Amino acid sequence: MIDRIADIWGTRTPFAQGERWPVRVDMKLAQGLDEDQVDRWVQSACVLCSNGCAADIAVKDGHMVGIRGRAIDLVNHGRLGPKGLFGSWQGVDNGDRLTRPMIREGDRLVETDWDTAMSRIADRSRKLLAEKGPLSHGFYTSGQLFLEEYYALGILGKAGLGTPHMDGNTRLCTATAATAMKESFGSDGQPGSYADIDECDAMFLFGHNMAETQTVLWMRVLDRLAGPNPPLLVCVDPRETEVARQAAVHLAVRPGTNLALMNGLLRELIAIGGVDEDYVAEHTVGFETLQGAVEPWTPDEVARVCGVAADDVRRAASIFATSERVLSTVLQGFYQSSQATASSCQVNNLHLLTGKLGLPGSGILQMNGQPTAQNTRESGADGDLPAFRNWENPAHVKELADLWGVHPDKIPHWAPPTHAMQIFRYVEQGSIPFLWVSATNPAVSMPQSERIRRILQKPDLFLVVQDLYLTETARLADVVLPAAAWGEKQGTFTNVNRTVHLSDKAIEPPGEARSDLDIFLDYARRMDFRRDDGAPLLDWTCPEDGFRAWQECTRGKLCDYTGISYERLRGGSGIPWPCNEDHPDGTMRLYGDGIFPTEVERAETYGHDLLTGASVGPEKYKAMRPDGRAIIKAAPYTAPHELPSEEYPLQYSTGRTVYHFHTRTKTARAPQLNRAAPSAWAELSRADAARCGIGEGDLIRVVSARGEIVVPARVGDVREGTVFAPFHYGYWEDERTGPDGRPTAANELTQTEWDPVSKQPIFKVAAVRVEKVADATGPAPAPTTTASRPADPGSAPPTRGGPDAETIEQLRPTEPPAVPTSEEHP
């Protein structure tokens, strides 16, 4: 037994480069329950990060009572992280689950029946369609639903209503991942594979605290580091994370200066002769423009702007140039910062300049933050056209129209899809009076929280919220719909490296809760959405109907699912798309042949100016003649719009802690996770704390031009001049304050600004000041096991899980899962 709160990553199973990652099966059961007492195990995969770890759900007496990793799966080889072990099943089995619909009567939400609730929604929807048309409707969804549910939502929104106002909370976490791949490669879809960790000579982690955000993937890295021929790590992060502690080079950049660093790395790579000129000439366009753009960024200039050592810039570039196989990963440290798309595209450029792409050990993982974020993007629930179709390409629009049986003009494509920040602006202005929020909590997760609360409370807004619990957002709704959770419904979802898993239904949902798919289908029936031939637009009766429809939508596309079925997924490993007749076992890597989907007739986008966000358009795109070659894009660095000042002298950044997910809707209901990080805090460096007269645990006020939080201080290993706060903590006890009556939501301070290309909000650059409020009554409630550890180890007791945090690890000498051999572009 091992305490997986104290020992987050579990026991090491070292392996050498080129070997397959050994199997270790992690299991957690309810206290007092033995494995032989479990009634049955039901196949699924974890939904509490983007890794997509295959798992079996333990069921006894009609309840979920535990979880076990699946040894056969190529993603996790049996392992699970703390959130999966404790938060997955415990996070949904609680007495405060929503079990009946609720409607607003005056200033109160009261329980009602489904017919009353859905009739109220449909009546308002029809009324607004008649009076104002489809642009009156907005949908804001999640990265937590299943593929079939997203696709149903995409169809009813685009072909039923005809609204372009659809997006997901994936806009907040990894919209830039998709956008950077579209800009460089012509389409969304990860080039790399998790298996590249097994083969690489070096790993570059750009703004990616993998140790806390994808714990099982970090286990794989740790096991490589513990074995022969370990890879060199390069970490870009302003905090001393566990990744930074293992790194050969740690580039602790100033927040907001990522693009300056990337331009400098590219310049140095060119200067030391690291460019594969043959690959660049044959497989890319745009190198000359990039070469000119990066020329001013000498190591010394990077050092001046970013606050890192010039020799570290040279060392990092040398590692990339001289390592035969390099894997790069990118996450929110780049995606939620200034010039997000431009910075992330430069990571792609490093690999394009060296030809280190699509080969074992050489690749890119533009990471996701949520378990089903890939499906939000693929299915069109984020506003994009399904299956990576281009809204500017009339042929792509017609394909969808023919598939759905509607006229092409019904599908919104006269302008870009409306992104989340603009949707909320339209609600604020009054042009969207109907907003349907599913499986997300924008009252806590969106930037500038006070403004978002005001928007959601507008008297002329009809707000529908579909969720498991009465969240901060649900409390403001006009109609609340109780949704079935993971384990209570069936469907598929796709992880970061394109691996598709099936999640079977393990138990019945509580009370009258329904699956998200059933809710969307009910709405479509009540609205009487029909094809042009009079048939129902959505005639599905079960999730598998939706999956079959999705297969047809993807036929012949990069994300081809036609070779995947529920039957094939059941019992074995997940399968990475594309999977079809040519690639019957799936595809591990993309672009190993140097051919990219950038042809005019195939491209998912015609691209944008990375500085301004201006659309390139089809004519200029044709003139570039990409013709199956990748596009090397450059952009000049510009300083963040909000810089430290005399009034607000420090920089502010938000992020995750290992023990929680999003706004803690599930993880805070798992006692082991909640004890490890029970309430909010803010982190300061030793030097900044000393200047402000602040000690460990002192109550502090962090103030920006938009709001404040009042939380205990953790004096830690964050970069000097920077304040860090976890964004998970909202207001369960009250709509505006934390448990002690003080504001604690990190997004009270963040700004309403977004990247010009991906439209992803900027959570990691703001100016703040810090004031001491009161002396400490104890240490900050931050964990000591992660990047939030105290700078003085003796200032806080070590984080421990207790007896109920003990889990079983089974180290198995069995053969690890086989991997598909297909690695070329389909």
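Analyst: Take the open sheet of three strands with the order 19-20-21, where the pairing is antiparallel. Strand 19 (491-494) and strand 21 (575-576) sit at its edges with a single partner strand each, so one side of each has no neighbour in the sheet. Keep in mind that this is a predicted model. Between strand 20 (residues 499-503) and strand 21 there are two bridges, in the antiparallel sense.

W577 and P578 are joined by a cis peptide bond, with omega about 0 degrees. P578 belongs to the loop between strand 21 and helix 25 (618-624). As background, most residues other than glycine have a negative phi, and most peptide bonds are trans.

E488 makes a salt bridge with R97, and their closest N and O atoms are 2.9 Å apart. E488 is in the loop between strand 18 (479-482) and strand 19, while R97 is in the loop between helix 1 (82-90) and strand 6 (102-105), so this pair ties together parts that are 391 residues apart in sequence. E488 counts as buried because its relative accessibility is 4%, and R97 counts as buried because its value is 6%.

On to another pair: R100 and E512 meet through their side chains in a salt bridge of 3.3 Å, N to O. This one also links distant parts of the chain, with R100 in the loop between helix 1 and strand 6 and E512 in the loop between strand 20 and helix 22 (516-527), 412 residues apart. As for cover, R100 is partly exposed, with a relative accessible area of 29%, and E512 is partly exposed at 33%.

Salt bridges that share partners also join E240, E242, R245, D717 and R789 into one network. The structure as a whole holds 69 salt bridges. One of them is R24 with E809, whose side chains meet at 3.6 Å, N to O. R24 is in strand 2 (residues 23-29) and E809 in strand 29 (residues 806-812), so that pair ties together parts 785 residues apart in sequence. Both R24 and E809 are buried.

For charges out on the surface, look at D276, E277, D278 and E282, which gather in a patch of negative charge. D278, one of them, has its place in helix 11 (residues 277-283). D278 is exposed, with a relative accessible area of 63%.

Another bit of sheet to compare by eye is the set of pairings around strand 4 (residues 54-60). Six bridges join strand 3 (residues 40-45) to strand 4, and the two run antiparallel. Q43 stands opposite D56 in strand 4. Strand 4 also pairs with strand 5 (residues 63-69), again antiparallel and over six bridges. There, A55 stands opposite G69 in strand 5. Strand 4 is mostly covered, with six of its seven residues buried. The hairpin of strand 4 and strand 5 has two residues between the strands, and in it D61 takes a positive phi near 55 degrees.

Positive phi turns up elsewhere too. Q339 is not a glycine, yet its phi is positive at about 50 degrees. The place of Q339 is in the loop between helix 15 (332-335) and helix 16 (340-354). Q339 counts as buried, since its relative accessibility is 12%. K759, also a residue other than glycine, has a positive phi near 65 degrees. K759 lies in the loop between strand 27 (722-726) and strand 28 (766-774). At 25% relative accessibility, K759 counts as partly exposed.

One last stop is C553, which has its place in helix 23 (residues 543-554). C553 counts as buried, at 0% relative accessibility. From C553 to P678 is 125 residues in sequence and 44 Å in space, C-alpha to C-alpha.

Notes
Residues are numbered from 1 along each chain as its sequence is written. This is a predicted model: local features need pLDDT of at least 70, side-chain atom pairs count only at pLDDT 80 or more; totals for chains, interfaces and linings use all residues. Side-chain values use heavy atoms; hydrogens and water are left out. Patches are made of residues with over 30% relative accessible area and no salt bridge: like charges are joined within 9 Å, nonpolar side chains (Val, Leu, Ile, Met, Phe, Trp, Tyr) within 5 Å. Accessible areas come from the Shrake-Rupley method with a 1.4 Å probe; for residues, only the protein chains shown count as cover. A salt bridge is a side-chain nitrogen of Lys or Arg within 4 Å of a carboxyl oxygen of Asp or Glu. Lys and Arg count as positive and Asp and Glu as negative; His and the chain ends are not counted. The place of a charge is taken as NZ of Lys, CZ of Arg, CG of Asp or CD of Glu. Helices (H or I, at least four residues) and strands (E, at least two) are DSSP runs, numbered from the N terminus. Buried means under 20% relative accessible area, exposed over 50%, partly exposed in between (1.4 Å probe, protein chains only). Two strands pair if DSSP finds at least two bridges between them.
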